[in-house]
Amino acid sequence: MRAVRAAGAAVLLAACAQGSPDADPGVADTLARSPGADSLATVPDAGASHARDEWPDAGPVEYRRQRAVDLTGDGVSETAIAAARGPTFDSLDISITIVDEARDTLWHEAWPSLLYFKYDPLEGKADSTVRRIVGDHVEQLIDTDRFTMDGGLPPALSQGGDPAAIMREAIHYHLAELDWRRAAGLSPAEPTPVDAYSEISTDSIPPQRVAAVMEDVRDSPSFMYYAGGEATYAI
């Protein structure tokens, strides 16, 4: 089974990162990748939502779509932004960014489009096939079925399975990744190196730690997206 990676809700992240050092350790675990204390450099401009109705057959690609959604349950919408840019479909830089009402960055993750071919090799595929595969993934990044407002998992992630078990597995792996990142001295703005995934082990994560985070996020809105390879994020 592919590993699932998860993170806590954005506002909870920012609030806890700036809070007391005696904050509940379960909450702290969900917030460790928050850029609240280590801000990311670039915030997309606040222009209108837009997206290409049709992907180009050739030449450079530039895609941007945004969705306003209250991910923190405080009655104020955050903005989730999906973007892709590059010379060809097999060499795009793809990203998800979440900003708050003040345009501060709450979450940012970027990856190359080649990761969508980790388990489906690129070699031998026609350009039109590559365009369809990458385009389909990018266009689904912030679809409505990637969000849920009443706790649990978005339908696209649960896929008929046990949502609680899927989230428990996601959090278990996420906590192991956080421990690896802390040991490696990575800042919130630095991605986990692809080569590190094989080194991340859940063996040292006790069930009580997973249960504490499960309780913290039990009724929170959530957002899921797929970043290729093993990387499915549930925020």
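## The core and the sheet

Student: In the largest nonpolar core, which residues touch the most other members?
Tutor: This is a predicted model, where local features need pLDDT of at least 70 and side-chain atom pairs pLDDT 80 or more, while totals for chains, interfaces and linings use all residues. Residues are numbered from 1 along each chain as its sequence is written, and side-chain values use heavy atoms, leaving out hydrogens and water. A nonpolar core is a set of buried Ala, Val, Leu, Ile, Met, Phe, Trp, Tyr and Cys residues joined through side-chain atoms within 4.5 Å, buried being under 20% relative accessible area with a 1.4 Å probe, protein chains only. Of this core's 32 residues, those touching the most other members are Ile96, Leu141, Phe223 and Tyr225.

Student: Which element supplies the largest share of this core?
Tutor: Helices (H or I, at least four residues) and strands (E, at least two) are DSSP runs, numbered from the N terminus. At least two core residues come from each of β2, β3, β4, β5, α3 and β7. The largest share, four residues, belongs to α3.

Student: In what order do the four strands of the open sheet lie?
Tutor: Strands pair if DSSP finds at least two bridges between them. The pairing here is antiparallel, and β2 (61–69) and β5 (105–112) are the edge strands, each pairing on one side only. The order is β2-β3-β4-β5.

Student: What is the bridge partner of Ile96 in β5?
Tutor: Strand β4 spans residues 93–99, and seven bridges join this strand to β5. In β5, the partner of Ile96 is Glu109.

Notes: Buried < 20%, exposed > 50% of the residue type's maximum accessible area, 1.4 Å probe, protein only.
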